[in-house]
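Hi,

Here is the structure I promised to pass on. Have a look at it first, and then read my notes below.

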Amino acid sequence: MGSKVKTKMLKKPAKKKKTKIHIDSALCGADGKIDPRDCAKCLKACDPAVFIMHPALDLKFKDKYDPQRWTISPQWGSLCTRCLKCVEVCPENAITVKW
Ligand code: SF4
Ligand code: SF4
């Protein structure tokens with residue numbers, strides 16, 4: 001007689017929704033009126049250091065990184081704790097954080 005093996009259906013853990021962080025470059029960064037080097041409030045406010053500031057990438061030019069045009073990117077979005085401090089401190093309302 002074969003032994004009966006009961007298989008238990010394991011519940012899949014609920015997936016945590018991915019956090020989407022967006023910076024409007026028309027307000028801050030390469031195309032914006034604010035040069036992030038003069039502000040950097042979001043960088044200072046973010047405890048897990050999600051953002052990086054770097055020269056803007058422009059594929060139109062041979063030298064893709066223009067040292068005169070800087071921008072902010074949410075490089076490590078998975079570290080975001082959804083505290084919304086960056087949204088609160090941004091003087092241009094350039095940042096949106098959604099999940
Ligand atoms: S919501 Fe908080 S943790 Fe997330 S990017 Fe903004 S400041 Fe950083
Ligand atoms: S706080 Fe806003 S304006 Fe200041 S650097 Fe960050 S995104 Fe730009």
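This is a predicted model: local features need pLDDT of at least 70, side-chain atom pairs count only at pLDDT 80 or more; totals for chains, interfaces and linings use all residues.

Where is the place of Leu84? Leu84 sits in the loop between strand E3 (65–74) and helix H2 (85–89). (Helices, H or I with at least four residues, and strands, E with at least two, are DSSP runs numbered from the N terminus.) Leu84 is partly exposed because 13 other C-beta atoms lie within 10 Å; a residue is buried with 20 or more other C-beta atoms within 10 Å of its own, exposed with 12 or fewer, and partly exposed in between, with C-beta atoms placed from the backbone.

Residues are numbered from 1 along each chain as its sequence is written, and chains are lettered from A and ligands numbered from 1 in the order in which they are written.

Now the overall layout. The chain has 2 helices and 4 strands, in the order β-α-β-β-α-β along the sequence. Of its 99 residues, 17% count as buried.

Strand E1 (residues 20–23) pairs with strand E4 (residues 95–98) in the antiparallel sense, over 4 bridges; to pair, two strands need at least two bridges found by DSSP. His22 has Thr96 in E4 as its bridge partner. On E1, Ile21 and Ile23 make up the covered face, while Lys20 and His22 are on the uncovered one. In a regular strand the side chains alternate between the two faces of the sheet.

Next, the ligands. Around ligand 2 there are 15 residues, with Cys28, Pro36, Cys39, Cys42 and Cys90 coming nearest. (Near means a C-beta atom, placed from the backbone, within 6 Å.) Ligand 1 is surrounded by 13 residues, and the closest are Cys46, Val50, Cys80, Cys83 and Cys86.

Cys42 turns up again in the largest nonpolar core, which has 13 residues: Cys42 and Ile95 touch the most other members. Such a core is a set of buried Ala, Val, Leu, Ile, Met, Phe, Trp, Tyr and Cys residues joined through C-beta atoms within 7 Å. Beyond its neighbours within four places in sequence, Cys42 is in contact (C-beta atoms, placed from the backbone, within 7 Å) with Phe51, Ile72, Cys86, Val89, Cys90 and Ile95.

Cheers

Key:
Two residues are in contact if their C-beta atoms, placed from the backbone, lie within 7 Å.
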